[in-house]
Amino acid sequence: MAEVLVVSSKVKKFIKECGCNTSGETIQVLSAAIEKLCKRGAEAAQSDGRKTVMARDIIIDHL
(Lines give C-alpha, C1' and ligand atoms only; values in the text may rest on other atoms or scores of the structure.)
Protein backbone atom coordinates (compact mmCIF):
# COMPACT_ATOMS: atom_id res chain seq x y z
CA MET A 1 0.00 0.00 0.00
CA ALA A 2 1.39 3.38 -0.96
CA GLU A 3 -1.21 5.80 0.40
CA VAL A 4 -1.62 6.62 4.08
CA LEU A 5 -5.32 6.51 5.02
CA VAL A 6 -5.07 7.94 8.54
CA VAL A 7 -4.10 11.41 9.75
CA SER A 8 -0.68 10.73 11.23
CA SER A 9 -0.58 13.79 13.46
CA LYS A 10 -3.97 13.00 15.01
CA VAL A 11 -3.07 9.36 15.61
CA LYS A 12 0.25 10.32 17.19
CA LYS A 13 -1.45 12.96 19.35
CA PHE A 14 -4.09 10.49 20.53
CA ILE A 15 -1.49 7.86 21.39
CA LYS A 16 0.59 10.49 23.19
CA GLU A 17 -2.47 11.48 25.24
CA CYS A 18 -2.77 7.81 26.22
CA GLY A 19 0.74 8.07 27.65
CA CYS A 20 2.69 6.31 24.90
CA ASN A 21 4.90 7.08 21.94
CA THR A 22 4.20 6.01 18.34
CA SER A 23 6.67 3.80 16.48
CA GLY A 24 7.48 4.53 12.85
CA GLU A 25 5.55 1.55 11.52
CA THR A 26 2.34 2.22 13.45
CA ILE A 27 0.83 4.54 10.83
CA GLN A 28 1.44 2.04 8.01
CA VAL A 29 -0.13 -0.79 10.03
CA LEU A 30 -3.19 1.32 10.89
CA SER A 31 -3.57 2.37 7.25
CA ALA A 32 -3.39 -1.26 6.12
CA ALA A 33 -6.08 -2.17 8.68
CA ILE A 34 -8.32 0.68 7.48
CA GLU A 35 -7.80 -0.39 3.87
CA LYS A 36 -8.82 -3.97 4.72
CA LEU A 37 -11.92 -2.76 6.62
CA CYS A 38 -12.95 -0.56 3.68
CA LYS A 39 -12.48 -3.38 1.16
CA ARG A 40 -14.54 -5.77 3.30
CA GLY A 41 -17.21 -3.11 3.73
CA ALA A 42 -17.39 -2.49 -0.01
CA GLU A 43 -17.64 -6.22 -0.66
CA ALA A 44 -20.46 -6.53 1.89
CA ALA A 45 -22.36 -3.61 0.32
CA GLN A 46 -21.95 -5.03 -3.19
CA SER A 47 -23.07 -8.48 -2.13
CA ASP A 48 -26.15 -6.81 -0.65
CA GLY A 49 -26.82 -5.07 -3.99
CA ARG A 50 -25.79 -1.62 -2.77
CA LYS A 51 -23.21 0.91 -3.90
CA THR A 52 -23.13 2.62 -0.52
CA VAL A 53 -21.01 1.27 2.31
CA MET A 54 -22.95 1.55 5.54
CA ALA A 55 -21.85 1.28 9.15
CA ARG A 56 -23.24 -2.25 9.31
CA ASP A 57 -20.81 -3.26 6.55
CA ILE A 58 -17.78 -2.38 8.67
CA ILE A 59 -17.10 -5.34 10.95
CA ILE A 60 -14.38 -4.77 13.54
CA ASP A 61 -13.57 -8.07 15.18
CA HIS A 62 -10.68 -7.04 17.46
CA LEU A 63 -12.44 -4.69 19.87
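**Exercise 1.** In this predicted model, state what the cover over the buried residues of α2 includes.

Solution. Step 1: list the residues of α2 that are buried, meaning under 20% relative accessible area. They are Ile 27, Ser 31, Leu 37, Gly 41 and Ala 45. Step 2: look for what lies over them. The cover includes α1, the helix of residues 8–17.

**Exercise 2.** Determine how the buried residues of α2 are arranged around its axis.

Solution. Step 1: take the buried set, Ile 27, Ser 31, Leu 37, Gly 41 and Ala 45. Step 2: look down the axis of α2; these residues fall within an arc of 125°, so they line one face of the helix. Step 3: turn to the other side of α2, where Val 29, Glu 43, Gln 46 and Ser 47 are exposed.

**Exercise 3.** Compare the span of α2 with the expected value.

Solution. Step 1: helix α2 covers residues 26–47, which is 22 residues. Step 2: at 1.5 Å a residue, 32 Å is expected. Step 3: from first C-alpha to last, α2 reaches 32 Å, close to that expectation.

**Exercise 4.** Classify Ser 8 and Ile 60 as buried, partly exposed or exposed.

Solution. Step 1: buried means under 20% relative accessible area and exposed means over 50%, with partly exposed in between. Step 2: Ser 8, in helix α1, has 27% relative accessibility, so Ser 8 counts as partly exposed. Step 3: Ile 60, in the segment after α2, has 48%, so Ile 60 counts as partly exposed. With Val 53 and Ile 58, Ile 60 forms a nonpolar patch of about 230 Å² of accessible area together.

Key: Residues numbered from 1 in each chain as written. Predicted model: local features only at pLDDT ≥ 70, side-chain atom pairs only at ≥ 80, totals over all residues. Heavy atoms only, no water. Helix = DSSP H or I, 4+ residues; strand = E, 2+ residues; numbered from the N terminus. Buried < 20%, exposed > 50% of the residue type's maximum accessible area, 1.4 Å probe, protein only. Expected span 1.5 Å × (residues − 1). Arc of directions from axis to C-beta. Contact = heavy atoms within 4.5 Å. Patch = residues over 30% accessible without salt bridge, like charges linked within 9 Å, V, L, I, M, F, W, Y side chains within 5 Å. Areas by Shrake-Rupley, 256 points an atom, 1.4 Å probe, with all protein chains shown as cover. Salt bridge = Lys/Arg side-chain N within 4 Å of Asp/Glu carboxyl O.
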